[in-house]
Amino acid sequence: MPCCPCRIGYQDGQYVLPPLPYDYNALEPLMDEATVRLHHDKHHAAYVAGANAAAAKLRAIAEGQVDASLTTPETRNLSFHVSGHILHSIFWTNMSPTPKKTPEGKLAEAINARFGSFEAMMNVFKNVAAGVEGSGWAILGWEPISGQLAICGAEKHQNLEMPGLVPLLVCDVWEHAYYLLHQNNRKAYIENFVQLINWADVEQRFQEATC
Ligand code: MN3
């Protein structure tokens, strides 16, 4: 497997919306078509547009064409929208209609080394996802400083993360990810998401992060 992270989501100097790697209805009944369509085509697309707008504005500030007093809000906009774009791009590919159900190889070894077992790690991951206050994400990532896996719960897209943590598996717990099908039952959504996780994708991301 090549050691080169795919730069889906950025082309020719612009952030771009990657196409879904499956049909809108492919994750039914665990994840409904209407939610996937809105989530990808409207929400994710808005983060891409916001990232490009903020980047353009910061470039204009740097070139002296826009008042420097906008630096702080536009920096915040860039952080929010780029983080949203990156996390959604990972989220879609983490799922599959025909998922590999469990991790193997070096990823499985790293999970056992950090969490004791796959089941223990998944319990932590699901509890983190359920416990995010408001809108955010559960993130299983590779922590280069320790050479271990770690799990964090991010608020919005960009808060309470750990610098350097390379996201491998992410669960979106914004209400837009589940409210049409599950209303306020976030835990039911999380249980469905877990069934869609394609561990082959997480293994590939792990290999790219650790090579
Ligand atoms: Mn979302």
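Leaving aside its neighbours within four places in sequence, with which residues is F125 in contact? Contact here means heavy atoms within 4.5 Å, and the partners of F125 are A138, I139, L140, I151, L169, V170, C171 and F193.

The structure is a predicted model, in which local features need pLDDT of at least 70, side-chain atom pairs count only at pLDDT 80 or more, and totals for chains, interfaces and linings use all residues. Residues are numbered from 1 along each chain as its sequence is written, and side-chain values use heavy atoms, with hydrogens and water left out.

**The core**

F125 is also listed among the residues with the most contacts inside the largest nonpolar core, together with F91, M95, M121, L149, Y189 and W199. That core has 49 residues. A nonpolar core is a set of buried Ala, Val, Leu, Ile, Met, Phe, Trp, Tyr and Cys residues joined through side-chain atoms within 4.5 Å. Buried means under 20% relative accessible area, calculated with a 1.4 Å probe on protein chains only. In soluble globular proteins, nonpolar side chains tend to be buried together.

Strands (E, at least two residues) and helices (H or I, at least four) are DSSP runs, numbered from the N terminus. Eight of the eight residues of β3 are buried, so this strand is largely enclosed by the rest of the structure. G136, A138, L140 and W142 point one way from β3, while W137, I139, G141 and E143 point the other way. Two strands pair if DSSP finds at least two bridges between them; the pairings of β3 are tabulated below.

The strands β3 and β4 form a hairpin with four residues between them, and G147 in the turn has a positive phi of about 65°.

**The manganese site**

The manganese ion is coordinated by H39 (NE2), H88 (NE2), D172 (OD) and H176 (NE2), at 1.9 to 2.2 Å. Donors are N, O and S atoms within 2.8 Å of the metal (3.2 Å for Na, K and Ca); water is not among the atoms, so sites may look incomplete. In sequence, the donor residues follow the spacing H-x48-H-x83-D-x3-H.

Note on methods: Buried means under 20% relative accessible area, exposed over 50%, partly exposed in between (1.4 Å probe, protein chains only).
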